[in-house]
Amino acid sequence: MNDTVTTPKTRTRTKVERPKLHKVILINDDYTPREFVTMILKAEFRMTEDQAYKVMITAHKLGACVVAVFTRDVAETKATRATDAGRAKGYPLLFTTEPEE
């Protein structure tokens with residue numbers, strides 16, 4: 001006779017949630033030179049000359065433009081570094097972040 005009791009193995013799977021994404025937004029101002037804005041976009045966000053120009057012009061025409069989408073920490077770091085670079089040169093350049101919907 002078989003006195004062995006078998007129980008099914010249960011495994012709990014932890015579901016890893018993807019990190020929430022945040023948008024980096026360039027806010028237009030009337031004082032920061034266009035060339036400086038494109039230089040910052042190329043340096044901080046690794047854009048080409050054409051991409052940086054299009055983002056800068058879009059922000060100029062509409063008042064603001066989404067530059068890129070990153071995880072929260074990366075987005076805040078890049079926005080802060082880009083804003084600080086403008087402030088270091090005396091320009092009111094402003095990048096902000098907000099959660100992506």
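Student: How many salt bridges does the structure hold?
Tutor: Six. Keep in mind that this is a predicted model.

Student: Which side chain does Glu17 meet in a salt bridge?
Tutor: Lys20, with N to O at 3.4 Å.

Student: Are Glu17 and Lys20 buried or exposed?
Tutor: Glu17 is exposed, at 62% relative accessible area. Lys20 also counts as exposed, at 59%.

Student: And what does Lys42 pair with?
Tutor: The side chain of Lys42 meets Glu49 in a salt bridge, 2.6 Å from N to O. Lys42 is partly exposed, with a relative accessible area of 34%, and Glu49 is partly exposed at 45%.

Student: Which residue does Arg81 form a salt bridge with?
Tutor: Glu44; their closest N and O atoms are 3.4 Å apart. Arg81 lies in helix H3 (residues 72-88) and Glu44 in helix H1 (residues 34-45), so the pair ties together parts that are 37 residues apart in sequence.

Student: Is Glu44 buried or exposed?
Tutor: Buried, with a relative accessible area of 12%. Arg81, on the other hand, is exposed at 53%.

Student: Which residues are joined into one network with Glu44?
Tutor: Lys78 and Arg81, through salt bridges that share partners.

Student: Changing topic: which residues form a nonpolar patch on the surface?
Tutor: Leu21, Val66 and Val69, which together have about 200 Å² of accessible area.

Student: Where is Val69 found?
Tutor: In strand S2, which covers residues 64-71. Val69 is partly exposed, at 34% relative accessible area.

Terms used. Residues numbered from 1 in each chain as written. Predicted model: local features only at pLDDT ≥ 70, side-chain atom pairs only at ≥ 80, totals over all residues. Heavy atoms only, no water. Patch = residues over 30% accessible without salt bridge, like charges linked within 9 Å, V, L, I, M, F, W, Y side chains within 5 Å. Areas by Shrake-Rupley, 256 points an atom, 1.4 Å probe, with all protein chains shown as cover. Salt bridge = Lys/Arg side-chain N within 4 Å of Asp/Glu carboxyl O. Helix = DSSP H or I, 4+ residues; strand = E, 2+ residues; numbered from the N terminus. Buried < 20%, exposed > 50% of the residue type's maximum accessible area, 1.4 Å probe, protein only.
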